Amino acid sequence: MRKYYYVLISLIAAISGILFGFDTGVMSGAILFIEQDFPLTPGMNGIVVGSVLLGALAGAICSGRATDYFGRRKLLLIVAFIFVFGALGTAIAPSILMLVVGRIIVGIAIGVASYVGPLYISEMAPKKHRGALVSLNQLAITAGILLSYIVDYYFSFTSNWRWMLGFGIFPGILLYLGMLYLPESPRWLLSQGDEEQARNNLLPIRGSEESVEREIAEIKVTLKKEAADWKIIFSKLVRPVLWIGFGLAFIQQVTGINTILYYAPTILKMAGFGNASVSILATMGIGAVMFLVTLIALPLIDRWGRRPLLLAGLVGMGLSLGALALMFESSTGIPPSLEWLGLSTMLIYIACFSFSLGPIMWLMIAEIYPLQVRGIGASLATCANWCSNLLVTATFLKMIEWVGARGTFSVYMACCLLSIGFVYFLIPETKGTSLEEIEENLFAGKPWRQLGSKLTKVKFK
Ligand code: BGC
């Protein structure tokens with residue numbers, strides 16, 4: 001029963017991931033029909049497509065301290081409300097300006113939800129299953145992307161872009177209703193001094209009084225050590241996790257995932273698939289592979305650990321990008337005989353991302369920061385993620401123009417190789433370690449790689 005309760009909590013909070021995935025995916029199809037109603041210059045087209053990313057960046061920047069101030073649950077409720085409001089605005093927008101404003105509002109909600117959802121789950125989850133439970137969020141992102149492709153396809157027959165964008169209201173309402181019934185994070189409650197409520201909220205998810213007392217004692221020990229000042233995020237002792245978070249957020253994007261996702265139809269066309277319907281089907285295939293591989297990866301994150309999956313994923317991504325680069329004869333295309341090989345290589349790349357950088361980046365930024373600054377730490381890493389996302393997707397087509405497809409994919413491949421070094425030398429293994437042990441290690445000044453090591457003495461009695 002208890003097990004189902006914390007899985008249920010995680011599933012509800014992960015609806016925020018569906019919003020994230022749905023709204024980053026939906027525009028690829030909707031823009032084709034928006035252009036029929038509102039003639040757009042190429043610049044304006046870029047603004048309509050990119051406005052959600054800009055909003056997400058703003059949401060992530062502005063909300064860090066709010067997460068630590070209002071609490072995780074309240075913020076997720078606010079986010080769900082803003083989301084529904086923004087999605088409704090885009091569905092009824094009378095002008096292109098209103099559409100852009102609506103998309104920025106939706107983006108703000110996504111920027112906040114993208115890290116508060118995982119952070120809330122990581123604070124509720126038992127350490128043994130934390131990897132799988134937090135990664136439900138990434139599974140939800142992929143489900144959201146797939147859903148957006150299906151919705152786009154369905155409404156494309158009536159050219160109804162308003163329903164495509166407006167459909168996002170449904171997961172927004174679900175998140176709001178679900179969060180109304182969920183408890184606030186006991187860790188956050190303790191950081192606010194509300195020990196009684198923290199104990200009450202923890203009991204149904206941990207089952208026994210004994211484990212609740214042990215966990216509360218652990219959290220209190222770490223809280224005593226920290227000054228209640230958000231600026232400690234920049235202090236010398238905490239800086240390693242700041243860099244780990246920035247680094248993971250950055251490499252998740254500069255290894256090219258969203259160029260493949262956002263521009264899949266364009267790349268497929270370059271890869272020789274002239275037929276539009278084959279290209280749409282192949283795009284759905286990409287969404288399905290992403291979802292299935294993430295699903296398979298969930299239990300492995302706690303069994304095999306974060307590091308082996310990250311390293312294996314990066315090697316696979318690097319190799320498939322290299323192969324893709326080799327297949328492009330020129331900036332224009334892949335020879336017809338190799339088009340299916342091109343598509344398979346893209347699918348292998350997507351699969352490798354889905355069991356490594358996809359889920360593990362969001363997981364680790366929800367677990368490495370000390371409690372007092374967990375919100376702001378995760379929000380800074382999230383900003384770095386949206387910033388790099390914008391940078392990579394905005395430069396992709398220009399890069400193809402300058403250095404050709406072969407050159408462009410080679411650059412992403414080089415980023416994969418550098419990322420392997422970063423992960424190998426600097427990223428800790430946090431499998432099976434409690435959030436408090438990670439924090440203890442950090443304040444003990446342990447090297448980056450050892451931040452996830454378990455404490456040998458039972459310190460928290
Ligand atoms: C990334 C997104 C990406 C998505 C694809 C997420 O983890 O942050 O940028 O679009 O995965 O599944």
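Is Asp23 buried or exposed, and at what relative accessibility? Asp23 counts as buried, because its relative accessibility is 2% (buried means under 20% relative accessible area, exposed over 50%, partly exposed in between, with a 1.4 Å probe and protein chains only). This is a predicted model, in which local features need pLDDT of at least 70, side-chain atom pairs count only at pLDDT 80 or more, and totals for chains, interfaces and linings use all residues. Residues are numbered from 1 along each chain as its sequence is written, and side-chain values use heavy atoms, with hydrogens and water left out.

**View 1. Asp23 and its contacts.** Look for Asp23 in helix H2, which covers residues 15-25 (helices are DSSP runs of H or I with at least four residues, strands are E runs of at least two, and both are numbered from the N terminus). Beyond its neighbours within four places in sequence, Asp23 touches Val52, Phe83, Arg103, Val106 and Ile110 (contact means heavy atoms within 4.5 Å).

View 2. Of its 461 residues, 59% count as buried. Among contacts between residues at least 6 apart in sequence, 81% join residues at least 24 apart.

**View 3. Overall dimensions.** Along the principal axes, the C-alpha atoms of the protein chain fill a box of roughly 65 × 45 × 40 Å.
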